[in-house]
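This briefing concerns the protein shown below. The points that follow are grouped by topic.

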Amino acid sequence: MGSAVFGRIRGWQQRHWRERSQAERVELQSVVTWYATTWFFSLCWLALPLVGGLERRPVPLVAGGLLLLVGALQCAEANRLTRPVLDHYLGRTELPPAALRPAALLLGLALGLTLVLAALHGAEPVAVRLAIGASLLPYGLLYGLVVPVGRFLRRFAVLAVVLVAAFGWTEPEVAPIVMVGVLTAFGALFSLLACRCGAWTLSVLWEAERAREVKTRLAVAEERLRFGRDLHDVMGRNLAVIALKSELAVQLARRGRPEAVDQMIEVQRIAQESQREVRDVVRGYREADLGVELAGAQGVLTAAGIACAVHGEAGGLAAEVQSVLGWVVREATTNVLRHGDAAQCDIALTRDGGRVVLTVENDGARAAAAGGGSGLAGLRERLSAVGGTLEARRAGGNVFRVVAEVPVSMREVTA
């Protein structure tokens, strides 16, 4: 039974917790904390003191029972409205004008029942005063996120004066009156600080998350622009030559010159060469400088807010080795940007005997992105064609590691 419960908890974490971003995790934790806070104060400040200090007479018992019921309804209503009120504060949705009306009515009912107990001397004075604070907290957590701080303080100051006057009438002594004012102020200020501080932290965190997403999109766009520039470098000159030779062939043909055929044959040859070069660019077989790819990956990841460290030098490696490993760096960098939530990425290039080992490791792997995609499958095909291997898997926790190995010399492999 216990193992089944823990298994369900682990499954919930994998489906819900681990797939969330950092901002989503902090928000979920804050909301759960607010849920628990209302029930905790209701239990410690209302239920326990009231049960122990309630007079065993019919009317106080009925009023106390109703107060406990209303307190539970307050907590349930506060939990129900926490998400909508938080979304309203963060600017996600608009809160209906009458959304807090049921919570306000429950607050008035709870304070009224507390006043009845105080007037009838149906409970110990300490229990009555603690009940005031416990009644204010669920509503204050909601109201503090809906109205400006100044309006919140002014209205709770008015409420404090009313409560001091009402409960002072039931027990006209200085010390009890002061305690009512202190507990009213504490309930109001604590609820305001609890909700405002947590919500403000979430707003800052979500702003940073949006900025990071923008940086990531810009980094991906930069990579696409670089690919576009590479394609332009391949096709631009060839298309210009094709256009010029086609125009020359047209002029020669109009004059009846046989050289027009030679020019069109040359156009055909250049077009076929262009097709081959475009396929090389798209498939990633075009030779690339590994040092440039490593520097580019570090720059792109840093721009996306991911700390990137590169270890090892690409100097001295054959052009074929640099070309294959350069494409691995490109694909691994793209996967880190698109499919993970990384804060750190380490790239290491080492030599192990007659083989070169490239390792790309990041700490932001998610369950949905841990498998092998089409890009990794394509890399395996490219590496296997030159005698290399590729391994992509989780390395414990949220760490995802890509390891590519190729021979230092490919002459024997490609022969």
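The protein has 12 helices and 5 strands in this predicted model. Of its 415 residues, 40% are buried.

**Surface and contacts of the whole protein**
- The accessible surface amounts to about 22,200 Å², and carbon and sulfur atoms account for 62% of that area.
- When contacts between residues at least 6 apart in sequence are considered, 74% of them join residues at least 24 apart.

**Helix 4 and helix 6**
- Helix 4 spans residues 101–120 and helix 6 spans residues 149–170; their axes come within 8 Å and cross at roughly 25 degrees.
- Because angles under 35 degrees count as roughly parallel, helix 4 is roughly parallel to helix 6.
- The crossing of these two helices is right-handed.
- Helix 4 contributes Leu111, Thr114, Leu115, Ala118 and Ala119 to the contact, while helix 6 contributes Leu159, Leu163, Ala166, Phe167, Trp169 and Thr170.
- Sorted by class, the contact of helix 4 with helix 6 comprises 9 nonpolar and 2 polar residues, with no charged residues.

**Methionine 235**
- Methionine 235 lies in helix 7, which covers residues 174–254.
- The relative accessible area of methionine 235 is 19%, and the residue is therefore classed as buried, since the cut-off is under 20%.
- Apart from neighbours within four places in sequence, methionine 235 is in contact with Ser274 and Val278.
- Methionine 235 and valine 278 are separated by 43 residues in sequence, yet their C-alpha atoms are 7.6 Å apart in space.

Conventions:
Residues numbered from 1 in each chain as written. Predicted model: local features only at pLDDT ≥ 70, side-chain atom pairs only at ≥ 80, totals over all residues. Heavy atoms only, no water. Axes fitted to C-alpha atoms, helices over the stretch in contact; angles between N-to-C directions. Helix = DSSP H or I, 4+ residues; strand = E, 2+ residues; numbered from the N terminus. Parallel < 35°, antiparallel > 145°, perpendicular 65-115°, else oblique. Left-handed = near helix turned anticlockwise from the far one by under 90°. Contact = heavy atoms within 4.5 Å. Nonpolar A, V, L, I, M, F, W, Y, C, P; charged D, E, K, R; others polar. Buried < 20%, exposed > 50% of the residue type's maximum accessible area, 1.4 Å probe, protein only. Areas by Shrake-Rupley, 256 points an atom, 1.4 Å probe, with all protein chains shown as cover.
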